[in-house]
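Okay, thanks everyone for coming.

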Amino acid sequence: MIEARHLRVLRAVAATGSFSAAARELGCTQPAVSQQMKALEGSAGTPLLIRTGREMRLTQAGEVLVRHASGILAGLTAAEEEVAAIAGLRAGRVRLVSFPSGSSTLVPTALAALRAAHPGTRVSLVEAEPPRSIEMLREGDCDVALAFRYGAGTAGRQSDGQAEWDDLVVRPILADRLVGLVPEGHRLAGAGSVGMAELAEESWIAGCPRCRRQLVDVCEEAGFTPRIDFATDDYPAVVGLVGAGLGVAVLPELAIESVRPRGARTVAVEPAVEREIVALTLPDLAQVPAVAATLDELTRAATRA
């Protein structure tokens, strides 16, 4: 195995014509230069220098190594500088995947702060709901996943996503409470809070598949099965359907923040249900400075929201 430090010594010897002159240029002792040249010749398996008295010249193999040494050492120097830039957050790339309501609320704040602090770091964004976003993280298609999971319900079921995330680094971001959404003219529009059982006879509008499953669980714990007339992954569509008087819904507060609820009113629902917003990454990726900085800014974004 040819080492870069040995190539530097060979290049210095070739340029200066002697071990003593190379030692002065490199800031080391002549015996150290001699020792490293012997090690390099051992790695190469052939003599690299011909010593005749005070004169020293390269063998054919030595000339080949010197010819390649400049390009190799230049490439290593460039690589070292690039890695140092990434380590110092002067450069770097982070691929972020987020669910839609996180993309419109937490992500812009976090990425603006990251760009201000580390302008050389570049972040790309695509949208996906869990569990697809978690699959993307494990498959190497992203570096950070902003996702959510629901806490254990009143029946004590295990937290959604708890077991499936055991191998990941989980950074808690915020607790996002679910709120009820009813038409402005609804009988409960002015209520301070509403029990889920009071909505048992309503027509329901459901959101994403994971949210839909949570809605059914919460309603069943309240003693009824919701009649879901409309289902859509698009939060503005949910709000529009409620505003048109076509049903009621339960949405996360982040989703309400990202949409102007025209014709609809929000009400607190009891018992309280929250989803936990988290940022996920792989253990090795968590050590990458740009990824760690992105996790930090996503956490801070929750306090600024």
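I'll go from the overall shape down to a few single residues.

So, first thing to say: what you're looking at is a predicted model. It has ten helices and twelve strands. Now, about the shape. How does the radius of gyration sit against that of a compact globule of 305 residues? The globule would come out near 19 Å, but this protein has 31 Å. The box tells you more about that: along the principal axes, the C-alpha atoms fill roughly 105 × 35 × 25 Å.

Contacts next. Take the ones with a separation of 6 or more: 71% of them are between residues 24 or more positions apart.

Okay, let's zoom in on a helix. Please find α8, residues 235-243. Which residues are buried there? They are Y235, V238, V239 and V242. Looking down the axis of α8, the buried residues fall within an arc of 95 degrees, so they line one face of the helix. Following α8 you get to G245, which has a positive phi, near 80 degrees.

Now for a positive phi on something that isn't a glycine: L89, at about 60 degrees. Where is L89? Look in the loop between α4, which is 60-87, and β3, which is 92-98. And is L89 buried or exposed? Buried means under 20% relative accessible area, and L89 is at 14% relative accessibility, so L89 counts as buried.

Last stop, the cis peptide bonds I wanted to show you. One joins P130 and P131, with omega about 10 degrees. You'll find P131 in the loop between β4 (121-127) and α6 (132-138). Another cis bond joins E270 and P271, and there omega is about 0 degrees. P271 sits in the loop between β11 (264-270) and β12 (274-281).

If you take a few things away, take the 31 Å radius of gyration, the one buried face of α8, and the cis bonds at P130 and P131 and at E270 and P271. That's me done, so over to you.

Terms used: Residues numbered from 1 in each chain as written. Predicted model: local features only at pLDDT ≥ 70, side-chain atom pairs only at ≥ 80, totals over all residues. Heavy atoms only, no water. Helix = DSSP H or I, 4+ residues; strand = E, 2+ residues; numbered from the N terminus. Rg over C-alpha atoms; globule rule 2.2 N^0.38 Å. Contact = heavy atoms within 4.5 Å. Buried < 20%, exposed > 50% of the residue type's maximum accessible area, 1.4 Å probe, protein only. Arc of directions from axis to C-beta.
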